Amino acid sequence: MSTAPSPEGYSIGELARAVGMSTHTLRWYESRGLFPREIPRTESGRRRYEPETVEWLRLLARLRASGMPVARMAEYARLVRGGEGNEDERIALMEAHSRALTEQIDTLVECREVIDGKVAGYRRRLAARPPGTP
């Protein structure tokens with residue numbers, strides 16, 4: 001679902017609806033330093049999120065779904081907060097995660113091959129039974 005922000009930006013509830021996360025998760029992300037900049041607040045202390053935050057949170061969701069640890073996500077957010085000049089560190093962080101994903105994918109492919117081999121063996125065993133054998 002997509003929710004348009006008010007002129008002042010998204011409230012925490014609006015942002016939660018826009019990205020499909022709970023307000024609790026958003027507060028937890030903030031407490032862990034996962035945002036690329038400090039979250040501005042209204043005079044009454046309410047958080048107001050910029051529209052770009054939606055894309056940032058979608059990126060974080062992908063990183064998390066890919067198995068990136070929260071500490072590594074926080075490191076990435078810290079680098080982004082640091083601005084220009086640390087792109088080499090950002091690249092290194094993302095490349096390391098990409099390598100870890102490649103290793104995980106390779107391991108999963110090997111696991112699937114073992115499982116597929118077991119299924120094929122059981123199918124051969126069933127096909128070799130005389131008809132009517134339980």
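This is a predicted model: local features need pLDDT of at least 70, side-chain atom pairs count only at pLDDT 80 or more; totals for chains, interfaces and linings use all residues.
**Stop 1: the cavity**

Start inside. The structure holds one cavity of 30 Å³ or more. The space in this largest cavity comes to about 70 Å³. Select the lining: Phe-35, Pro-36, Arg-37, Glu-38, Ile-39, Pro-40, Arg-48, Tyr-49, Glu-50 and Thr-53. Colour these residues by class. Five are nonpolar, four are charged and one is polar.

**Stop 2**

Now turn to the salt bridges. A search of the whole structure finds six of them. Side chains of opposite charge can pair when their charged atoms come close.

Select Glu-30 and Arg-41. They form a salt bridge, with 3.6 Å between the closest N and O atoms. What does this pair tie together? Glu-30 is in helix 2 (23-31), while Arg-41 is in the loop between helix 2 and helix 3 (52-65), so the bridge joins parts eleven residues apart in sequence.

Check the exposure of each partner. Arg-41 has a relative accessibility of 43%, so it counts as partly exposed. Glu-30 has 24%, and therefore also counts as partly exposed.

Glu-30, Arg-41 and Arg-47 are linked in a network of salt bridges.

**Stop 3: a pair in helix 3**

Move along to helix 3 and select Glu-55 and Arg-58. Their closest N and O atoms are 2.8 Å apart, and the two residues form a salt bridge. Both partners lie in this helix, three residues apart, about one turn. Arg-58 is partly exposed, with a relative accessible area of 38%.

**Stop 4: a pair in helix 4**

Next, pick Glu-75 and Arg-78. Here too there is a salt bridge, and its closest N and O atoms are 2.6 Å apart. Both residues belong to helix 4, with a spacing of three residues, or about one turn of the helix. Glu-75 is partly exposed at 29% relative accessible area. Arg-78 is partly exposed at 41%.

**Stop 5: Val-70 and its contacts**

Stay in helix 4 and select Val-70. Which residues does Val-70 contact, leaving aside neighbours within four places in sequence? Show Trp-28, Arg-32, Leu-34 and Arg-64; these are the contacts. Then draw a C-alpha to C-alpha distance from Val-70 to Leu-101. It reads 16 Å, for two residues 31 apart in sequence.

**Stop 6: Arg-72**

Arg-72 is also in helix 4. Its relative accessibility is 38%, so it counts as partly exposed. With neighbours within four places in sequence left aside, Arg-72 is in contact with Leu-93 and Ala-96. Now run a C-alpha to C-alpha distance from Arg-72 to Leu-34. The two are 38 residues apart in sequence and 9.6 Å apart in space.

**Stop 7: Asn-86 in the loop**

Finish at the loop between helix 4 (70-81) and helix 5 (87-128), and select Asn-86 there. Is Asn-86 buried or exposed? Its relative accessibility is 10%, so it counts as buried, the cut-off being under 20%. Show the backbone of Leu-79 as well. Its oxygen lies 2.6 Å from a polar atom of the Asn-86 side chain.

Conventions: Residues are numbered from 1 along each chain as its sequence is written. Side-chain values use heavy atoms; hydrogens and water are left out. On a 1 Å grid over the protein atoms alone, a cavity is a set of points where a 1.4 Å probe fits but cannot get out, and a pocket is an open set with protein on both sides within 12 Å along at least five of seven lines; lining residues have an atom within 4 Å of a point. Grid points are joined across faces, edges and corners, and a volume is the space filled by probe spheres set on the points. Ala, Val, Leu, Ile, Met, Phe, Trp, Tyr, Cys and Pro count as nonpolar, Asp, Glu, Lys and Arg as charged, and the others, Gly among them, as polar. Helices (H or I, at least four residues) and strands (E, at least two) are DSSP runs, numbered from the N terminus. Buried means under 20% relative accessible area, exposed over 50%, partly exposed in between (1.4 Å probe, protein chains only). A polar contact is a pair of N or O atoms within 3.5 Å; within protein, one must be able to donate a hydrogen and the other to accept it, and residues adjacent in sequence count only if both atoms are side-chain atoms. A salt bridge is a side-chain nitrogen of Lys or Arg within 4 Å of a carboxyl oxygen of Asp or Glu. Contact means heavy atoms within 4.5 Å.
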